[in-house]
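The exercises below are to be worked with the sequence and the model at hand. Each task is followed by a solution in steps.

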Amino acid sequence: MSREEELLRQRLRKLQRLREKGFDPYPPRAFRSHPISEARKLAEEGSGDEVAVAGRIIAARNMGKVTFLDLRDGTGKIQLYFRRDILGEERYSLLEDLDIGDFISARGPLFRTKTGEISVEVRSFEPLSKALRPLPEKWHGLTDVEKRYRQRYLDLIANERTRRTFLIRSKVISAIRRFMESRGFIEVETPILQQIPAGALARPFSTYFHALDQTLYLRIAPELHLKRLIVGGFDKVFEIGRVFRNEGISSVHNPEFTMMESYEAYADYNDVMRMVEDMISYVADEVLGARRVEFEGKIIDLSPPWPRIPLIEAIKRWSGIDIREHEDASSLAEAMRRRGIEVEERGGRAKLIDHLLSKFVAPNLLNPTFIIDYPVEMSPLAKRKPEDPSLVERFELFIGGMEVANAYTELNDPIEQRERLVEQEKMRAALGIEEAERLDEDFLCALEHGMPPTGGLGVGIDRLVMILTGHTSIREVILFPFFRPKERE
C-alpha cells in the first residue's frame, strides 16, 4: 500500500468517527460573520468582538491542552486558539479527527497572543468539509510543474504567486472593460460555433451538429461578426472571450486563449495605436500602480509613446534581408537559406516574411514597439496604404519579444475584399494552406451594404498578463491550460 493510500484510509476512519459523534462532515451551509481579512482589520483596530470565521486548515500545532490552527479563506489567514478548559474534553477531542486541508468554521472573540499574533479564541467550531486527500507535503511550495498545471487547485492552495497572478488577471480584464466603456464602446457577444471559420490566418477546430447534419467550427476570431455590427450602426464595439486555434503548443501558444477585439467606426490604425498605448498604460496603473515591470530579469517601461517601426525596415535591420528585393516566395526563400535559415516555400511569401519577423525582429523588442505597414499578402482583411498600395495599414504590438496585439485599418471595399478572399481560397486549394483566410459570403453581403472607415484591434489577454506578472510561459496565466491526457500506470 502506498503512503497516499494509507493517508486516505486514515482520513476515511476520521470521517467515520465524526459521523459516529453526531457531526455531518459535509453540512449544507456554514455561518460566518466576517471574511478573515475583515476580522483581522477589526483586531488591528483594537476590537475584541466575537467573530465567526470559516476556511481551510493550513497548519496545526498541538501542545496538549492548547492547540493552534492556521485558517485561510479567499481573503487571508488567521490563527485559531483552542483551549481544552474552554471547550471541554469532549469538544476538544474533536480536533483529533481534523486534518490539514479540512474546512471548518470557528466562533470566538478576537485577541492578540503574547507574540502579537492576531487570533480567535475559539468558543465553538464545526467541521464544514473533510478533505480525504492530503495537501502536497510542502503545501507552501508545490514545485512539480506538471502537477501545478494539471491540478491547478493544489497550485492555488500552495503557491501565493499563483494566487496573485490570477487575481491580477481578473483585475486586468476588469480594467480593460472600464477603459473601453469609458471610451464609449459597448460590450457584445458573438458566436463561438461558426459555419465558416474566418477572421484570422489559423487552422480551426471542428465539431458536428447532429440536428442539422452539419460540421461547425470553433471560432478562430470574432472579427467578421463584430464588423457586421459596425455595418449595423454600432460605432464602437468590443468583445472579451475565448478563441480556438488548432495549432501547436508552446510557451506562448495554447489552443484556446482569451482575446479582446474592438472595432471603432471613423477611426484608422493610427487612432487604434494611440488607444492601445492609453489602454495598456491605464491597465498597468490600475492593476499594479506602476508602469515599469520586471520581465526575464529586465525592466519593461510601458509609458507611452511607443516607437513605430515599419516592418520592412525592421526585418532589414535585424536580419539583413530587404524583402522588397524579393517579390516572390522562391527568391525570398533562397535569400533566407543563404543566411542558414531552413524554410519551405509552400506557405508562400507571406509565411516567409512572418518567419523573419518572429525569428529576427520580435526577440529584439523588449519595450513596447509597434511594427507597422505590412505587405498586402500578409493581411487579407486590411486596407491598403494610399501612398504605397503594396502595403496595408496594419500594426502588431510587441512587448517582451512577444506579439501582444494586432490591428489594422479595416478593408471596407467589398469588391476588393472579395478579390482578396478568392485569392486566399485559391492558395488553400493549390498549396494546401489550411491557415488561409476563408471566403464568407454572408460577411461580404454585409460589407456590400456599406461599412464606414473602421479601426480594428485584437489584444491577447494571456500574453498581456504574462508581461504584467513577469511570467514567461502562457500556462502560468491560464487557470486550466491544455495537457495531453495523462497515461494510466
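**Exercise 1. The second largest pocket**

Determine which helices and strands each supply at least two residues of the lining of the second largest pocket, and which gives the most.

Solution. Step 1: in this predicted model, the elements that each supply at least two lining residues are helix H1 (3-20), strand S1 (50-62), strand S2 (66-73), helix H4 (89-93) and helix H6 (152-158). Step 2: the most is given by H1, with 6 residues. Step 3: the lining comprises 35 residues, and those nearest the centre of the pocket are Leu7, Arg11, Ile100, Pro134 and Leu135. Step 4: sorted by class, the lining holds 16 nonpolar, 13 charged and 6 polar residues. Step 5: the space in this pocket amounts to about 950 Å³.

**Exercise 2. Strand pairing around S1**

Solution. Step 3: S1 and S2 form a hairpin with 3 residues between them, and Gly64 in the turn has a positive phi of about 90°.

**Exercise 3. Aromatic pairs**

Classify the ring pair Phe82 and Phe125 from its geometry, then do likewise for Trp306 and Phe370.

Solution. Step 3: the pair links distant parts of the chain, since Phe82 belongs to strand S3 (residues 76-83) and Phe125 to strand S6 (residues 124-129), 43 residues apart. Phe82 and Phe125 are both buried. Step 4: Trp306 and Phe370 form a tilted pair, with 5.5 Å centre to centre and 40° between the planes. This pair, too, links distant parts of the chain: Trp306 lies in the loop between strand S14 (298-301) and strand S15 (308-310), whereas Phe370 lies in strand S16 (residues 369-375), 64 residues apart. Trp306 is buried, as is Phe370. Step 5: a cluster linked by ring pairs consists of Phe68, Tyr81 and Phe111.

**Exercise 4. Charges over rings**

Identify the ring over which Arg91 lies and the ring over which the charged end of Arg317 sits.

Solution. Step 1: Arg91 lies over the face of Phe125, 5.4 Å from the ring centre. Step 2: the charged end of Arg317 sits over the ring of Trp318, at 4.8 Å from its centre.

**Exercise 5. Helix H15 and the segment after it**

Decide whether H15 is enclosed or open, and whether Phe480 is buried or exposed.

Solution. Step 1: 9 of the 9 residues of H15 are buried, so this helix is largely enclosed by the rest of the structure. Among these buried residues are Ile461, Arg463 and Met466. Step 2: Gly470 follows H15 and has a positive phi, near 80°. Step 3: Phe480 is found in the segment after helix H15 (461-469). Its relative accessible area is 57%, so Phe480 is exposed, the cut-off being over 50%. Step 4: Phe480 and Asp99 are separated by 381 residues in sequence and by 27 Å in space, C-alpha to C-alpha.

Methods: Residues are numbered from 1 along each chain as its sequence is written. This is a predicted model: local features need pLDDT of at least 70, side-chain atom pairs count only at pLDDT 80 or more; totals for chains, interfaces and linings use all residues. Side-chain values use heavy atoms; hydrogens and water are left out. On a 1 Å grid over the protein atoms alone, a cavity is a set of points where a 1.4 Å probe fits but cannot get out, and a pocket is an open set with protein on both sides within 12 Å along at least five of seven lines; lining residues have an atom within 4 Å of a point. Grid points are joined across faces, edges and corners, and a volume is the space filled by probe spheres set on the points. Helices (H or I, at least four residues) and strands (E, at least two) are DSSP runs, numbered from the N terminus. Ala, Val, Leu, Ile, Met, Phe, Trp, Tyr, Cys and Pro count as nonpolar, Asp, Glu, Lys and Arg as charged, and the others, Gly among them, as polar. Rings of Phe, Tyr and Trp (its six-membered ring) pair if their centres lie within 6.5 Å; planes under 30 degrees apart count as stacked, over 60 as edge-to-face and the rest as tilted. Buried means under 20% relative accessible area, exposed over 50%, partly exposed in between (1.4 Å probe, protein chains only). A charge sits over a ring if NZ of Lys or CZ of Arg is within 6 Å of the ring centre and within 35 degrees of the ring normal. Two strands pair if DSSP finds at least two bridges between them.
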